[in-house]
Amino acid sequence: MILAVDVHYKGNCAAIGGVTFAKWSSAGEESTYLSRMTGIKDYMPGAFFRRELPCILHLLSEHSLTPDTIVVDGFVFLDGLTTPGLGKHLFDALGHRVPVVGVAKSRFAAAPEDIKLYRGRSKTPLYVTSVGIPSVEARQCILSMHGRYRIPFMLKMADQVSRMIAPTSGGSLALCCSQN
């Protein structure tokens, strides 16, 4: 099972969305998961993992998820090779047992050109890094994911799950987070 995960924030609350699917090319999810957390740390440039990592670990723990691979919205390595990002910190937190593929929508300053990936007809690349799976294979996996557009369908779905309780969809993230 592959798990795509994303986190939506409002103040010090977070909604964590997860989508599981069987194969990289799957057109539909196996399951969706939603968790909530409060007491979220403020964003610190260059240390995004400090904010997002506890949220992802909470989702995994709360739903007893044991994926074969995790796809995160962000970098595994900020420079493509050595400077740890969210994905590398997640890989370490999971005892190096679960490969992590990072799909970032924006380029980090130190990111090399060879991590770019173009999907669909988009002229704007994604930036794919990985640990526990060779980078060339990770890029091929993301390229093969279902969806005609730049953002693969399952990643978009994880984002939508994390936003299901956001104010724009009629709910209140702050209210839902206060239920924990």
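**Pockets, charged residues and local backbone features**

A pocket is taken here, on a 1 Å grid over the protein atoms alone, as an open set of points where a 1.4 Å probe fits, with protein on both sides within 12 Å along at least five of seven lines, and its lining residues have an atom within 4 Å of a point; grid points are joined across faces, edges and corners, and the volume is the space filled by probe spheres set on the points. Of the 17 residues that line the largest pocket, Phe-48, Gly-74, Phe-75, Leu-78 and Phe-108 are the closest to its centre. The lining of the largest pocket divides by class into ten nonpolar, four polar and three charged residues, where Ala, Val, Leu, Ile, Met, Phe, Trp, Tyr, Cys and Pro count as nonpolar, Asp, Glu, Lys and Arg as charged, and the others, Gly among them, as polar.

The model is a predicted one, in which local features need pLDDT of at least 70 and side-chain atom pairs count only at pLDDT 80 or more, whereas totals for chains, interfaces and linings use all residues. Residues are numbered from 1 along each chain as its sequence is written, and side-chain values use heavy atoms, with hydrogens and water left out.

The second largest pocket has a volume of about 170 Å³, and its lining includes Val-5, Val-72, Asp-73, Lys-105 and Ile-151. Strand S1 (2–10) and helix H4 (153–162) are the elements that give two or more residues to this lining, helices (H or I, at least four residues) and strands (E, at least two) being DSSP runs numbered from the N terminus. Helix H4 gives the most, with four residues. By class, the lining of the second largest pocket has six nonpolar, no polar and five charged residues.

Two of the residues that line the second largest pocket, Asp-73 and Lys-105, also meet through their side chains in a salt bridge (2.8 Å, N to O), a term that denotes a side-chain nitrogen of Lys or Arg within 4 Å of a carboxyl oxygen of Asp or Glu. This pair links distant parts of the chain, 32 residues apart, with Asp-73 in the loop between S4 and H2 and Lys-105 in the loop between S5 and strand S6 (116–117). Asp-73 counts as partly exposed because its relative accessibility is 23%, and Lys-105 falls in that class at 40%; with a 1.4 Å probe and protein chains only, buried means under 20% relative accessible area, exposed over 50%, and partly exposed in between.

A search of the whole structure finds four salt bridges. Among them, Lys-88 and Asp-92 meet at 2.6 Å, N to O, and both of these residues lie in helix H2, four residues apart, about one turn of the helix. Lys-88 is buried, with a relative accessible area of 18%, whereas Asp-92 is partly exposed at 33%. Another salt bridge joins the side chains of Lys-116 and Glu-113 (2.8 Å, N to O), and Lys-116 counts as partly exposed, at 26% relative accessibility.

Other charged residues are buried without such a partner. Asp-79, in the loop between strand S4 (69–72) and helix H2 (86–93), is buried yet has no salt bridge, and the nearest side chain of opposite charge, that of Arg-107, is 11 Å away; Lys and Arg count as positive and Asp and Glu as negative, while His and the chain ends are not counted. The side chain of Asp-79 does, however, reach the backbone nitrogen of Leu-81 at 3.0 Å. Arg-150, in the loop between H3 and H4, is likewise buried and lacks a salt bridge, with Asp-73 as the nearest side chain of opposite charge at 8.7 Å, and the side chain of Arg-150 reaches the backbone oxygen of Pro-125 at 2.8 Å.

Ser-64, in the loop between helix H1 (49–62) and S4, has a phi of about 50° although it is not a glycine, and Ser-64 is exposed, with a relative accessible area of 60%. His-96, in the loop between H2 and strand S5 (100–104), has a positive phi of about 60° and is partly exposed, at 48%.

Notes
Polar contact = N/O pair within 3.5 Å; in protein donor to acceptor, adjacent residues only side chain to side chain.
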